[in-house]
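Here are my notes on the model, as numbered points. Please read them with the structure open.

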Amino acid sequence: MENWKRFLTESYDVKSTGIVKLVPDESLRRQALDLQESIKDPEATPLQSDRLHITLLHQKARPEGVSGGKWKKMLKNLPKFEGSIGLENEVVTIPSGDRKSWLIYVDNPTQAALDEYIINALRGVGLDDPAINALREKEAGFLGTRGDSPTRKYHISLANLTGNPGDSVA
């Protein structure tokens, strides 16, 4: 019963700081840190706990015809994510050129819930479906899991080669 009550009351802050990111609550942060501690690769430099997040929308994503300033104002008005977040139990290593990241994916129900959240949130700040779909098609844009070729799965980066979140692969 206690877990059910927690599920009903979970609420996560969503911040726009160049990227649109979901900020883990203390429980989710603790789960991620426990998984971070399981990384034994000496190349892995952990990200600081206050830098852990789930990227919902890449900073390069912006609808055609919307100025940078207007877009930033729109993104500042996104509502909290109301729902439960589950993590998979496997840390995944992703190399790319001279970079490498260790990350944990959110589980499939959370993938779908976050995708639905970001679509509804973008509608809520004034984007119509054609604009959202166009945003989805941008190479480094929408990070949703729907469609024929999703650009990225939602995840928390736990470590990379430098410990700087900007140096993560995904």
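**Notes on the predicted model**

1. Glutamate 43 lies in the loop between α2 and β4. Which residues does glutamate 43 touch, leaving aside its neighbours within four places in sequence? They are Lys100, Trp102, Asn160 and Leu161. A further pairing spans much of the sequence: glutamate 43 and threonine 162 are 119 residues apart along the chain. In space, their C-alpha atoms are 8.8 Å apart.

2. Serine 38 belongs to the loop between α2 (26-37) and β4 (45-46). Glutamate 43 is placed in the loop between α2 and β4 too. Serine 38 is partly exposed, with a relative accessible area of 40%.

3. Now the overall layout. The protein has five helices and nine strands. Read from the N terminus, the order of elements is α-β-β-β-α-β-β-α-β-β-β-α-α-β. Of the 170 residues in the protein, 44% are buried. Take the contacts with a separation of 6 or more: 67% of them come from residues 24 or more positions apart.

4. Lysine 21 sits in strand β3 (residues 20-22). Not counting residues up to four places away in sequence, lysine 21 touches Asp13, Val14, Lys15, His53, Ile54, Thr55 and Leu56. Lysine 21 and leucine 52 are 31 residues apart in sequence. Their C-alpha atoms are 9.6 Å apart in space.

5. Next, the helix pair. Two packed helices are described by the angle between their axes and the distance between the axes. Helix α4 (residues 108-124) packs with helix α5 (residues 129-137) at an angle of about 130°, and the axes are 10 Å apart. That angle makes α4 oblique to α5. Is the crossing of α4 and α5 left-handed or right-handed? The crossing is right-handed.

6. Which residues make this contact? From α4 come Asp115, Ile119, Leu122 and Arg123. From α5 come Asp129, Ile132, Leu135 and Arg136. By class, the contact of α4 with α5 has four nonpolar and four charged residues, and no polar ones.

7. Threonine 110 is also a point to check in helix α4. Is threonine 110 buried or exposed? Threonine 110 is buried, because its relative accessible area is 3% and the cut-off for buried is under 20%. Leaving aside neighbours within four places in sequence, threonine 110 is in contact with Ser84, Ile85 and Gly86.

8. Last, the aromatic rings. A pair of aromatic rings is described by the distance of the centres and the angle of the planes. The count comes to one aromatic pair. In this pair, the ring centres of phenylalanine 81 and tyrosine 117 are 5.6 Å apart and the planes are at 90°, so the pair is edge-to-face. The pair links distant parts of the chain, 36 residues apart. Phenylalanine 81 is in strand β6 (residues 81-82), and tyrosine 117 is in helix α4. Phenylalanine 81 and tyrosine 117 are both buried.

Key
Residues numbered from 1 in each chain as written. Predicted model: local features only at pLDDT ≥ 70, side-chain atom pairs only at ≥ 80, totals over all residues. Heavy atoms only, no water. Axes fitted to C-alpha atoms, helices over the stretch in contact; angles between N-to-C directions. Helix = DSSP H or I, 4+ residues; strand = E, 2+ residues; numbered from the N terminus. Parallel < 35°, antiparallel > 145°, perpendicular 65-115°, else oblique. Left-handed = near helix turned anticlockwise from the far one by under 90°. Contact = heavy atoms within 4.5 Å. Nonpolar A, V, L, I, M, F, W, Y, C, P; charged D, E, K, R; others polar. Buried < 20%, exposed > 50% of the residue type's maximum accessible area, 1.4 Å probe, protein only. Phe/Tyr/Trp six-rings, centres within 6.5 Å; stacked < 30°, edge-to-face > 60°.
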